[in-house]
Amino acid sequence: MTDTIEVGAELTERHDIDKDRTIGFMGEECRVYSTPALLYDTEIACRNLLMKFIDSDQDSVGTHVELNHTGPTLLGMWVEITAKIVSAKGPAVNFEVTARDALEQVATCQHTRYVVNVESTKKRLRGKLDKFNA
């Protein structure tokens, strides 16, 4: 499963910080990249990198995140998220992630994703739903 994953592989994705990615609770002048949006973009970057190495019947789910959001990125700026695979053991793949805008590093993250078979996962989820509905 993870024997084809290249430890050290990296992927960088750039996102424009639009209104949907910002907080609004401090008013229009304080719109900055929200931590939930940063977390989502981080998970997707890691998933996109991992998808280069796994089979077409597989995908991945996040199982652990340790995110340090250390600086603001303002509405209208961009952020680059760089995900790097640091280890792979069995179905668990660990990433180190950094995020930076045009002026500074704004986040670091440790993230773990678990490689799963899509059909097996669907079956397991249907079973859980059946138990819930019973």
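**Entry 1: a threonine in a loop**

Which residues does T22 touch, not counting residues up to four places away in sequence? I looked this up in the predicted model and found I17, R31, V32, Y33, S34 and L75. I placed T22 in the loop between β1 and α1. Is T22 buried or exposed? With a relative accessible area of 10%, T22 is buried, since the cut-off for buried is under 20%.

I then checked what the side chain of T22 does. It reaches the backbone oxygen of K19 at 2.8 Å. I also noted a polar contact of 2.9 Å between the side chains of T22 and R31, and R31 is one of the residues on the contact list above.

**Entry 2: the chain as a whole**

I stepped back to see the overall layout. I counted two helices and five strands in the protein chain, and along the sequence they follow the pattern β-α-β-β-β-β-α. The C-alpha trace spans about 45 × 40 × 20 Å along its principal axes.

How much of the chain is buried? I noted 37% of the 134 residues. I also looked at how far apart in sequence the contacting residues are. Of the contacts with a separation of 6 or more, 68% are between residues 24 or more positions apart.

**Entry 3: helix α1**

I took the span of helix α1 next. Its 17 residues, 35-51, should span 24 Å at 1.5 Å a residue, and the end C-alpha atoms are 24 Å apart, so the two agree. At the N-terminal end I found S34 as the cap, with a side-chain oxygen 3.1 Å from the backbone nitrogen of A37. S34 had already turned up in my notes as a residue that T22 touches.

Which residues of α1 are buried? I listed A37, L38, D41, T42, A45, C46, L49 and L50. The spacing reminded me of a general point: an α-helix has 3.6 residues a turn, so residues three or four places apart point the same way. What covers these buried residues includes β1 (10-16), β2 (58-69), β3 (78-89), β4 (92-101) and β5 (105-117).

**Entry 4: salt bridges**

How many salt bridges are there? I got six, and I wrote up three of them.

E80 is partly exposed at 24% relative accessible area, and R14 is partly exposed at 48%.

Next I looked at R113 and E43, whose closest N and O atoms are 2.9 Å apart. This pair links strand β5, where R113 lies, with helix α1, where E43 lies, across 70 residues. Is R113 buried or exposed? R113 is buried, at 5% relative accessible area, whereas E43 is partly exposed, at 23%.

The last one in my notes is R47 with D59, at 2.7 Å from N to O. R47 is in helix α1 and D59 in strand β2, twelve residues apart. I have R47 as partly exposed at 26% relative accessibility and D59 as buried at 18%.

**Entry 5: rings**

I went back to R14 for its surroundings. Where does its charged end sit? I found it over the ring of W78, 3.7 Å from the ring centre. I also searched the whole structure for aromatic pairs and found zero.

**Entry 6: a histidine in β2**

I looked up H64, which lies in strand β2 and is partly exposed at 40% relative accessibility. Leaving out residues up to four places away in sequence, H64 touches Q110, H111 and T112. H64 and H111 are 47 residues apart in sequence, yet their C-alpha atoms are 5.6 Å apart in space.

**Entry 7: helix α2**

I finished with helix α2, residues 118-133. Its 16 residues reach 22 Å from first C-alpha to last, close to the 22 Å expected at 1.5 Å a residue. At the start of α2, I found a side-chain oxygen of N117 within 3.0 Å of the backbone nitrogen of E119.

Technical notes. Residues numbered from 1 in each chain as written. Predicted model: local features only at pLDDT ≥ 70, side-chain atom pairs only at ≥ 80, totals over all residues. Heavy atoms only, no water. Helix = DSSP H or I, 4+ residues; strand = E, 2+ residues; numbered from the N terminus. Expected span 1.5 Å × (residues − 1). Buried < 20%, exposed > 50% of the residue type's maximum accessible area, 1.4 Å probe, protein only. Contact = heavy atoms within 4.5 Å. Polar contact = N/O pair within 3.5 Å; in protein donor to acceptor, adjacent residues only side chain to side chain. Salt bridge = Lys/Arg side-chain N within 4 Å of Asp/Glu carboxyl O. Phe/Tyr/Trp six-rings, centres within 6.5 Å; stacked < 30°, edge-to-face > 60°. Lys NZ or Arg CZ within 6 Å of the ring centre and 35° of its normal.
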